[in-house]
Amino acid sequence: MATTNATIDLASDITDSSLAVSNTTELNTAGTTTGVNTMTSVTKVLSSTNQVDLIATGSVSTTHAYVYINNPSEDETQYFNITIGNAGAGSPTDTEEIGRLYAGDWMWFPWDVDDDICVTPSTSDDMTIEYMVFS
Amino acid sequence: MATTATLTLASTDIAGDPVNVSKVATLTKAGSTNDLDQSTGLNRVHLRSTSNKVLLAANAEGDNLAAKVYIINKSDDASLYVTVTINAQTIGKLYGGDFLFIPWSQTDTDADIEVAATNWTSSTGDIPVEYALFHEDTDFLTNA
């Protein structure tokens, strides 16, 4: 099995005493110390404000995965609404919005592969979105 | 007042060639280049409940504003996990050592971020969880 590490470093001087956090985790299959062995890396360009099914549950064969999504835009007006749920036939009411991924932002989270991950671009300009899935 | 978040993904053997991804984000207010200027700081709780507990309470005033959430399961036991949900929608399971870093839209007051020590028992011991929220808006208060 492969060895894959994810490291997060947070640095903030918002508070008077600055915050510095650094943690590394090894990406393992659910509840084990066995490393994940599958990786998908995709870049897409979206050109409308329609909701898009970005990562479907059918694309992963496990019940535990790690997801990285990046908005590489440098235009602060370009963001993606990130939602999770069953988008089924253009029914966004079935999804829960996680948050908005603004220009330059990334997100990282474990995914239980129960529901699809969907995105809605803020503009109809060409907007690039990048994602990786480890499972 | 700047806050940066850096993610590094590295593997020498998950693909034919080494994987090394590093991305830095400077956390800004919604739709602007101004830095986020508020934070809960780093918090630590010990979970000992299999039912959902509110970690961060949503405030509808936070809708359409920028907020970032960091949560880590500090357990050393790889089998102990914390289930993370938003408005009863499961996002995923943080196993021992795992973390998440996500944007958080509070579309309504039901969009609380909740956690549960789903496979906790009295013999497993508590699951330590650390978290932090970075956000904007003076009226955006949380239970942290």
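This briefing walks through a two-chain model, from each chain to the contact they share.

The model is predicted, so to speak of local features a pLDDT of at least 70 is needed, side-chain atom pairs count only at pLDDT 80 or more, and totals for chains, interfaces and linings use all residues. Residues are numbered from 1 along each chain as its sequence is written, while chains are lettered from A and ligands numbered from 1 in the order in which they are written. Chain A has zero helices and ten strands, and chain B has zero helices and eleven strands. Here helices (H or I, at least four residues) and strands (E, at least two) are DSSP runs, numbered from the N terminus.

**Chain A at a glance**

- Read from the N terminus, the elements of chain A go β-β-β-β-β-β-β-β-β-β.
- The C-alpha trace of chain A spans about 45 × 40 × 25 Å along its principal axes.
- Chain A has 135 residues, of which 43% are buried. A residue is buried if 20 or more other C-beta atoms lie within 10 Å of its own, exposed if 12 or fewer, and partly exposed in between, with C-beta atoms placed from the backbone.
- Taking the contacts in chain A between residues at least 6 apart in sequence, 71% join residues at least 24 apart. Two residues are in contact if their C-beta atoms, placed from the backbone, lie within 7 Å.

**Domains of chain A**

- Chain A splits into domain 1 (1-37) and domain 2 (38-134), with bounds that come from an automatic or database domain assignment.
- The centres of domain 1 and domain 2 of chain A, taken over C-alpha atoms, are 21 Å apart.
- Domain 1 of chain A gives seven residues to the contact, and domain 2 of chain A gives seven residues as well.
- On the side of domain 1 of chain A that touches domain 2 of chain A there are four nonpolar, three polar and no charged residues. For these classes, Ala, Val, Leu, Ile, Met, Phe, Trp, Tyr, Cys and Pro count as nonpolar, Asp, Glu, Lys and Arg as charged, and the others, Gly among them, as polar.

**An open strand in chain A**

- Strand 3 (residues 39-46) of chain A lies largely in the open, because zero of its eight residues are buried.
- Strand 3 of chain A is joined to strand 10 (residues 127-134) of chain A by eight bridges, and the two run antiparallel. Two strands pair if DSSP finds at least two bridges between them.
- Within this pairing, A:Lys44 sits opposite A:Ile129 of strand 10 of chain A.

**Chain B at a glance**

- From the N terminus, the order of elements in chain B is β-β-β-β-β-β-β-β-β-β-β.
- Along the principal axes, the C-alpha atoms of chain B fill a box of roughly 45 × 45 × 25 Å.
- Of the 144 residues in chain B, 43% are buried.
- For contacts in chain B between residues at least 6 apart in sequence, 74% join residues at least 24 apart.

**Where the chains meet**

- Chain A brings 50 residues to the contact and chain B brings 54 residues.
- Strand 1 of chain A gives the most to the side of chain A that touches chain B, namely nine residues.
- That side of chain A has 22 nonpolar, 19 polar and nine charged residues.

- Four strands make an open sheet in the order 2(A)-1(A)-1(B)-2(B), with antiparallel pairing.
- Strand 2 of chain A and strand 2 (19-26) of chain B are the edge strands, each pairing on one side only.
- From one strand to the next, the twist averages 10°. Axes are lines fitted to C-alpha atoms, for helices over the stretch in contact, and angles run from 0 to 180 degrees between N-to-C directions.
- Nine bridges join strand 1 of chain A to strand 1 (residues 3-11) of chain B, in the antiparallel sense; here A:Ala11 faces B:Thr4.
- Strand 1 of chain A also pairs with strand 2 of chain A, antiparallel, over eight bridges, and A:Leu10 has A:Val21 as its bridge partner.

**The largest nonpolar core**

- The largest nonpolar core has 73 residues, and A:Val67, B:Val69, B:Ile71 and B:Val82 touch the most other members. Such a core is a set of buried Ala, Val, Leu, Ile, Met, Phe, Trp, Tyr and Cys residues joined through C-beta atoms within 7 Å.
- Strand 11 (residues 127-135) of chain B supplies the largest share of this core, six residues.
- Domain 1 and domain 2 of chain A each give this core at least three residues.
- Not counting residues up to four places away in sequence, B:Val82 touches residues including B:Leu47, B:Val115 and B:Ile127.
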